[in-house]
Amino acid sequence: MKALARLYVALIIFFLYAPVLVMIFFSFNESSSVWVFTGFSFDWYTGLATDVTMLNALKHTLIVAVLSAVISTVLGTAAAVGITALRNKFSKKIIMSVTQIPMMNADIVTGISLMLLFIFIGKLLGLRESLGFLTVLTAHITFNLPYVILSVLPKLRQTDASLREAALDLGCTPLQAFFKVIMPAISTGIITGFIMAFTLSLDDFVISYFTCGHYQTLPIIIYNMTKKSVTPDTYALSTIIFACVFALLIMYNMLQTKSESKKAAKAQP
Amino acid sequence: MNKKSLGNKLITSPYIVWAAIFIVVPLVIMLYFAFTDPSGAFTAENLSHLGKYKKAFGLSILYAAIATVITLVLAYPMAYFMTKLKISSQRMLLLVVMLPMWMNFLIRTYSWITILANTGIINTLLGKFGIGPVKLMYTPGAVILGMVYDFIPYMILPIYSVMSKLDKSLLEAAEDLGSNSFTKFKRVILPLSRPGVISGITMVFVPSVSTFYISQKLGGNKTLLIGDAIEYLFNLGPDYYNVASALSMVLMVMILICMFIMNRFSDDDDGGVII
């Protein structure tokens, strides 16, 4: 039974990684085919370094991901604190339901509805080009916000409300009370929210596709490439992304294990 | 007291304004487009076009449902076996399952072509044995495979997270009361993992039913799903925004109905479960 379970897990992992391995393998192909392996070369990697469209797209992706993650984390954390303090059950319920819409809705519907709004605003302002950097950033903030709010809210619920009152009684201003008492207690929620927002933004294709105009991010470039026949350079790019994400995850995991063993060491005496 | 509620309004209102403008208003605009013609006059004609897309709607629901069932059948044992491992191996496996999620799904989908095509890996291998080539690409099977492959982590993770938090003493109690492993599974593990299963199902079904990339790449031009139809119409230009909005609206309502039915099966009202 145990051996069978292990075999099953291994098979699922093989299924998950088969296309990834194929991709990595063909990124080193000498010829431009993604079918027939003719020989080993790094040409596709060195070619990427001089590909201006690709580098620009990478820059766009990073700018949008960083900005949207920062803005949605600040806005979302403030909103979560406010929502927790809300007394009115009814308005709380409405706010929470609206918050869940972008998470529940299909990406294509979110993307299209935002595109219609941006085109409408663009017409009102008489702009020639209504889609671009600002619209894709706005869209990303919008779909990131629910994830930030929903990762901060449970942490706030676990935080003892009397802590804040004690801080106020001891002479803190509400702002000081927030930064000195509440913020440390909910920091893991804020960090989780930020990481989720950042990665969601990096990876988003569907919503960006409808809202980015000429401000093309990496997934859009990849989409355009896969429309024509794909050459190994797309695979090379993805292999690099894969390696970066892999390194980040390993690092994150190591940090987590370290902080846990620290906690365990502290708890021992 | 008053000061407190004022401060509270001050920190919540930016988000409320944001949510109103960028979540609610866009949907209202979509609704407006769905019920007007390109000149802006009110009409219900867009909805009458929906008949043309009956087949696309049907296929989308069918494929997404099959993909969701397959994903559940594959993911449930995986999540269960994962909880049986040492904590350190569990964490490692969790990373292994999540890693493909952070990669661009366009490429992950695309590399299946290299595997499935007539000159691809599987057919080359089969050819060595004198079989084939078997047509694997541009078939409904390829589209469903793409859906299963792209979204299976979204099924494994919520089920695993519910199962790993399961109270071990309940299992011991069941054993003490004489359950064998089958009844233990049926009466304890299965009911308690239901919230994870339900959020997994929604997280796989929604993106599957609305996809347009997977069907374009793996299904070729033959399989027109509802996502394809919407994307195609929007790319035709502003004259087609109205019909496309009507289709999007129906897709949204359809998803809402599915979620509503799903939520009837879950008894926790914690306000949605996410990973």
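**Helix packing and contacts**

Mentor: H6(A) and H8(A) are roughly antiparallel to each other, a term for angles over 145 degrees. This is a predicted model, in which local features need pLDDT of at least 70, side-chain atom pairs count only at pLDDT 80 or more, and totals for chains, interfaces and linings use all residues. Residues are numbered from 1 along each chain as its sequence is written, while chains are lettered from A and ligands numbered from 1 in the order in which they are written.

Trainee: At what angle do the axes of H6(A) and H8(A) cross?

Mentor: They cross at roughly 155 degrees and come within 8 Å. Axes are lines fitted to C-alpha atoms, for helices over the stretch in contact, and angles run from 0 to 180 degrees between N-to-C directions. Helices are DSSP runs (H or I, at least four residues), numbered from the N terminus.

Trainee: Which residues in H6(A) and H8(A) meet?

Mentor: Among them are His140(A), Phe143(A) and Tyr147(A) in H6(A), and Ala185(A), Ile186(A) and Met196(A) in H8(A). Contact requires C-beta atoms, placed from the backbone, within 7 Å. By class, this contact of H6(A) with H8(A) has 12 nonpolar, 8 polar and 1 charged residues. Here Ala, Val, Leu, Ile, Met, Phe, Trp, Tyr, Cys and Pro count as nonpolar, Asp, Glu, Lys and Arg as charged, and the others, Gly among them, as polar.

Trainee: Now the two chains. How many residues does the contact take from chain A and from chain B?

Mentor: It takes 60 residues from chain A and 60 residues from chain B. On the side of chain A that touches chain B, H1(A) gives the largest share, 12 residues. That side divides into 46 nonpolar, 12 polar and 2 charged residues.

Trainee: And in chain B, how do the axes of H5 and H7 cross?

Mentor: The axes of helix H5 (residues 105-116) of chain B and helix H7 (residues 140-164) of chain B cross at roughly 135 degrees and come within 10 Å. That makes H5(B) oblique to H7(B); oblique is what remains once angles under 35 degrees (roughly parallel), over 145 (roughly antiparallel) and 65 to 115 (roughly perpendicular) are set aside.

Trainee: Which residues of H5(B) and H7(B) meet there?

Mentor: Phe105(B), Arg108(B), Thr109(B), Trp112(B) and Leu116(B) in H5(B) meet Ala142(B), Gly146(B) and Asp150(B) in H7(B). By class, the contact of H5(B) with H7(B) has 4 nonpolar, 2 polar and 2 charged residues.

Conventions
Contact = placed C-beta atoms within 7 Å. Helix = DSSP H or I, 4+ residues; strand = E, 2+ residues; numbered from the N terminus.
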